[in-house]
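Colleague: I would like to learn how to read a few features of a model, beginning with the pairing of strands. Where do we start?

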Amino acid sequence: MEIRGALTLRKRQVAILFVLLGLSEAGPESVRYSVAEEADIGSSFVANLARDLGLGVEELSSREARIISDDNGRHLHLNLLTGDLLLNERLDREELCGSAEPCVLHFQVLLQKPLHFFRAELHIKDINDHSPTFLDKEILLKISEGTTLGTTFPMESAQDLDIGSNSLQNYTISPNSHFYIKIQDSGDGKIYPELVLDRMLDHEKEPELRLTLVALDGGSPPRSGTTLVLIEVLDINDNSPEFPQRLYEVQVPEDTAIGSWIITISAKDLDAGHYGEISYLFFHASEDIRKTFEINPASGEVRLISSLDFEVIQSYTINIQATDGGGLSEKCTLLIKVMDINDNAPELTMSSITNRIPENEPQTFVAVFSIRDQDSGDNGRMVCSIQDDLPFILKPTFKNFFTLVTEKALDREMREEYSITITVTDMGTPRLKTQHNITLLVSDVNDNAPAFTQTAYTLFLRENNSPALHIGSVSATDRDAGANAQVTYSLLPPHDPQLPLASLVSINADNGHLFALRALDFEALRAFEFGVGATDRGSPALSSQALVRVQVLDANDNSPFVLYPLQNGSAPCTELVPRAAEPGYLVSKVVAVDADSGQNAWLSYQLLRATEPGLFGVWAHNGEVRTARPLGERDAAKHRLVVLVKDNGEPALSASVTLHVLLVEGFSQPYLPLPEAAAERAQADPLTVYLVIALASVSSLFLFSVLAFVAVRLCRRSRAAWAGGCSVPEGHLPGHLVDVSGTGTLSQSYQYEVCLMGGTGTDEFKFLKPIIPNLPIHDTGRNVEENENVRNSFGFNIQ
């Protein structure tokens with residue numbers, strides 16, 4: 001520990017070849033603090049650095065304040081939230097400074113933005129944490145019985161690592177009748193004990209004495225250490241050993257091999273025999289000396305037993321004692337100087353580094369670092385440099401600190417990454433160097449908007465799709481990097497406010513995939529357009545737009561719907577066909593529609609079933625039902641035809657309709673409803689039958705009264721002027737023409753023009769065809785309406 005203290009007192013200043021231009025950035029005076037050694041980690045408050053430096057806590061944090069020790073140790077910690085300076089580890093004053101007083105740790109406070117240094121010192125106060133110790137557990141003294149009273153015998157001193165009042169202060173000896181202790185000052189602030197003979201020795205009475213030597217320090221409470229003093233009483237010896245010189249000096253390179261001979265120390269004694277035999281030993285030697293060197297007790301040859309390190313200890317001062325066989329001794333001093341060699345490469349320590357800087361900003365801070373070389377002289381002189389072809393410069397700042405900054409604004413589009421090698425070379429022989437590589441990335445600014453691969457996209461989607469179906473994608477790229485190139489997709493508000501875009505499609509914001517949210521119906525929505533936007537994540541964000549058109553494709557999902565004859569559950573429609581009809585006579589026409597489009601809406605008709613096959617035929621393309629051959633007397637009067645309507649989709653969908661055909665001898669024969677249907681209806685609902693009969697009776701009576709009244713009036717007025725006009729047949733209409741549909745109206749919602757021709761004697765219909773067809777798609781109920789119009793032409797419109 002004494003050598004470490006000497007090392008602290010002999011610290012060297014390493015000369016740097018650069019002129020430290022940044023000294024003006026450091027604080028004018030050093031701030032001094034003190035703390036007791038062995039304080040607890042983290043809980044020991046040193047000082048409030050923010051208050052002492054005149055800075056706010058927020059400024060310490062924003063300027064990224066940090067503590068940098070001269071020895072690169074991490075002894076202190078700065079709390080940026082409070083500005084408190086705390087201990088980062090337990091500080092052992094004896095380990096850091098040895099016996100040096102005061103024990104001072106130099107450190108700097110580094111502030112950035114702008115760069116500034118504050119110098120500070122931490123004084124470590126000693127506590128009494130070490131007891132005095134003797135390196136030898138037993139001290140052997142050989143004293144001649146002829147020794148005169150008052151003779152002093154130097155004793156091995158105790159070692160106490162503490163300093164000041166806590167260091168070694170006193171020695172005592174166990175009670176005895178021959179000796180007492182005298183304290184001597186060595187001149188360098190240390191004391192050592194001397195044993196003083198107070199009463200003559202008698203070899204014949206007491207050939208050996210055992211005493212206890214106690215070393216006491218000045219702490220409170222004091223600590224102590226003991227060793228055994230063994231005294232051998234010898235016969236008289238009147239000559240002490242003598243050295244040729246009092247001081248020996250030798251220079252030893254620090255790379256000397258272990259076991260090498262250093263020097264031989266030799267003394268002479270004029271006595272003969274046992275009294276002339278000399279033994280050598282290290283006297284008052286520290287632990288470092290005993291670990292590094294050894295001396296042959298018989299020959300005085302000094303050899304190296306441990307490696308030397310100039311950077312740790314530059315010299316050793318060794319006291320050598322020569323003692324003859326009679327116990328007389330003499331001392332000399334051996335000074336061993338360690339010679340430095342260039343065995344330490346320069347050291348580079350990064351204090352702060354930035355791995356990414358924005359483009360287009362000149363004089364940008366990159367790194368702050370310090371360099372040092374533990375060698376001395378030319379071996380410790382250093383040169384710091386970087387590559388010549390890079391837009392960066394090194395600036396000396398404070399002592400051995402340097403700042404790496406950009407020389408000009410960087411352009412990421414030209415180069416987005418730099419590899420900077422900082423080289424530190426010493427001037428020793430051979431030259432040693434240290435390199436540190438920094439990879440610097442140039443960050444991007446958001447100066448490019450996303451660009452779509454197409455300005456317009458057309459997507460096709462078949463109707464009745466499953467929800468959440470992926471229907472296509474849009475894609476945009478951004479030439480920027482990082483977050484500036486991360487594109488987010490979104491749907492833009494549609495131009496048509498009636499278009500429920502939010503319920504139709506969605507877009508994946510990360511990859512631009514488009515999804516149909518629900519099943520689409522071609523018949524309801526055949527196509528729609530919307531805009532998509534691509535926005536990067538820069539600040540400010542840039543964006544672009546593209547148009548997407550979704551074309552819905554038709555699927556065969558609608559069956560044909562028969563408009564005529566309407567199958568609404570009322571009385572079946574009966575078509576009247578005269579028996580005299582020729583082949584190809586138009587009986588009726590089936591009218592149907594299909595809500596699909598294209599070939600899915602192409603309809604074809606065919607006769608599925610017929611009461612008498614071969615009598616009727618259906619045209620496949622227009623649904624016309626015509627007679628296939630001449631009608632005969634043997635053909636049944638009533639026919640039931642089932643017509644199938646089928647579309648051209650895949651798979652094909654179809655619907656069927658039933659036609660009732662009644663063969664009559666001309667149109668004068670009564671139109672009778674099918675007795676089977678009436679019977680079934682009567683059986684199914686007796687109340688309905690009763691209501692129909694009552695309604696028919698009332699209607700017949702009313703109709704007969706109106707017709708009679710109108711006929712009489714009209715015949716009287718036009719009898720003279722219109723001799724050839726129509727006349728109302730005398731008598732009432734035959735009872736078999738009563739409407740039995742159950743509603744009192746015609747079975748189909750058609751308008752017919754009916755003219756009763758007078759004078760023919762046949763009472764047949766002159767014309768029977770619909771004039772204004774009314775073909776509802778949905779049956780919303782039966783509307784009973786009677787409207788009789790009396791015309792001068794004897795025509796009737798019945799609805």
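Predicted model: local features only at pLDDT ≥ 70, side-chain atom pairs only at ≥ 80, totals over all residues.

Colleague: How many residues lie between strand 18 and strand 19 in their hairpin?

Modeller: The hairpin has 5 residues between the two strands. In its turn, Gly300 has a positive phi of about 75°.

Colleague: Which other strand is joined to strand 19 by bridges?

Modeller: Strand 16 (residues 261-264), which is also antiparallel to strand 19 and joined to it by 3 bridges. Here Thr264 stands opposite Glu301.

Colleague: Which side chains of strand 19 point to the buried face?

Modeller: Side chains alternate along strand 19 (residues 301-304). Val302 and Leu304 point to one face and are buried.

Colleague: Now the aromatic rings. What describes a pair of them?

Modeller: The distance of the centres and the angle of the planes describe such a pair. In this structure there are 10 aromatic pairs. One of them is Phe117 with Phe398: the ring centres are 5.4 Å apart and the planes are at 25°, so this pair is stacked, the cut-off being under 30 degrees.

Colleague: Where in the chain do Phe117 and Phe398 lie?

Modeller: Phe117 is in strand 7 (residues 116-125), and Phe398 is in the loop between strand 26 (392-396) and strand 27 (401-406). The pair links distant parts of the chain, 281 residues apart.

Colleague: Why does Phe117 count as buried?

Modeller: Because its relative accessibility is 0%, and the cut-off for buried is under 20%. Phe398 is buried as well, with a relative accessible area of 2%. Ring pairs link Phe117, Phe398 and Phe401 into a cluster.

Colleague: What is the geometry of the pair formed by Phe392 and Tyr418?

Modeller: That pair is edge-to-face, with 5.5 Å from centre to centre and 85° between the planes. Phe392 lies in strand 26 and Tyr418 in strand 28 (residues 417-426), so the pair ties together parts 26 residues apart in sequence. Both Phe392 and Tyr418 are buried.

Colleague: Which residue lies over the face of Trp619?

Modeller: Arg626, at 4.9 Å from the ring centre.

Colleague: And the protein as a whole?

Modeller: The protein has 8 helices and 49 strands. Of its 799 residues, 40% are buried.

Methods. Residues numbered from 1 in each chain as written. Heavy atoms only, no water. Phe/Tyr/Trp six-rings, centres within 6.5 Å; stacked < 30°, edge-to-face > 60°. Helix = DSSP H or I, 4+ residues; strand = E, 2+ residues; numbered from the N terminus. Buried < 20%, exposed > 50% of the residue type's maximum accessible area, 1.4 Å probe, protein only. Lys NZ or Arg CZ within 6 Å of the ring centre and 35° of its normal. Pairing = 2+ DSSP bridges.
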